[in-house]
Amino acid sequence: MARADREAAVAEIVDSFNDSAGAVLTEYRGLTVKELQNLRRSLGENANYAVVKNTLAKIAANEVGISGFDDLLTGPTAIAFIKGDVVEAAKGLRDFAKANPTLVIKGGVLDGNILDAKEIGKLADLESREVLLGKMAGAMLASLSQAVYLLNAPLAQAARLAGALQAKAEQDPSILAGGAGTPAAAEEAPEAAAADEAPTDEADASDEGEATES
């Protein structure tokens with residue numbers, strides 16, 4: 001390879017590292033051209049899967065400050081430069097490797113930290129960004145509904161409800177994350193407030209007695 005071509009190839013790999021959230025190194029020995037195309041298609045917009053020369057990849061990794069790649073850069077190497085959801089990209093590579101054992105995941109880098117193959121597997125086991133955001137939104141809505149219920153309650157009832165919520169939160173801190181729903185004690189608070197406001201039988205009898213004597 002001519003020096004100019006070599007420098008251009010290294011620069012391209014450097015740009016790929018700099019533009020990516022992470023990278024996963026694989027050995028693709030035994031994969032056909034069609035299988036490589038299927039792998040790229042399965043990764044979609046989450047990663048750019050590129051075949052690289054080990055010597056050039058080492059130079060590029062050193063230029064961007066990544067150390068610890070030398071032992072991974074052996075054999076036919078292709079790097080998945082992750083530009084989308086890191087977890088989804090890891091899942092795509094793991095699932096493809098299960099269906100095509102000739103693809104070997106050797107390790108990678110994420111936020112400047114070197115990951116081994118097992119850590120890439122753990123990353124693939126995480127829930128995707130969309131799922132986590134959905135759970136977070138659900139927890140926020142649950143907590144918000146409790147707050148709205150509290151603010152709309154009469155003053156005396158709100159005080160009892162706040163106390164019930166505090167007691168429940170001390171017993172089960174997950175309620176603050178929306179995980180426990182409206183506590184049972186809080187649901188009983190309106191009934192307690194109604195009981196306090198209703199006159200007792202003794203009071204009614206006393207009032208009737210006074211009315212008769214007069």
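**Exercise 1. Are Phe17 and Phe69 buried or exposed in this predicted model?**

Step 1. Buried means under 20% relative accessible area.
Step 2. Phe17 has a relative accessible area of 9%, so Phe17 is buried.
Step 3. Phe69 is buried as well.

**Exercise 2. Classify the ring pair of Phe17 and Phe69.**

Step 1. A pair of aromatic rings is described by the distance of the centres and the angle of the planes.
Step 2. The ring centres of Phe17 and Phe69 lie 6.1 Å apart, and the planes meet at 45°.
Step 3. Planes under 30 degrees apart count as stacked, over 60 as edge-to-face and the rest as tilted. The pair is therefore tilted.
Step 4. Now place the residues. Phe17 sits in helix 1 (residues 3-18). Phe69 sits in the loop between helix 3 (54-63) and strand 3 (77-82).

**Exercise 3. Classify the ring pair of Phe17 and Phe81.**

Step 1. The centres are 5.2 Å apart and the planes stand at 85°. That angle makes the pair edge-to-face.
Step 2. Phe17 in helix 1 and Phe81 in strand 3 are 64 residues apart.
Step 3. Phe81 is buried, at a relative accessible area of 2%.

**Exercise 4. Describe the salt bridge of Arg3 and Glu7.**

Step 1. The closest N and O atoms are 3.2 Å apart. The cut-off is 4 Å.
Step 2. Both residues lie in helix 1, four residues apart, so about one helical turn separates them.
Step 3. Arg3 counts as exposed at 68% relative accessibility. Glu7 counts as partly exposed at 47%.

Technical notes
Residues are numbered from 1 along each chain as its sequence is written. This is a predicted model: local features need pLDDT of at least 70, side-chain atom pairs count only at pLDDT 80 or more; totals for chains, interfaces and linings use all residues. Side-chain values use heavy atoms; hydrogens and water are left out. Rings of Phe, Tyr and Trp (its six-membered ring) pair if their centres lie within 6.5 Å; planes under 30 degrees apart count as stacked, over 60 as edge-to-face and the rest as tilted. Helices (H or I, at least four residues) and strands (E, at least two) are DSSP runs, numbered from the N terminus. Buried means under 20% relative accessible area, exposed over 50%, partly exposed in between (1.4 Å probe, protein chains only). A salt bridge is a side-chain nitrogen of Lys or Arg within 4 Å of a carboxyl oxygen of Asp or Glu.
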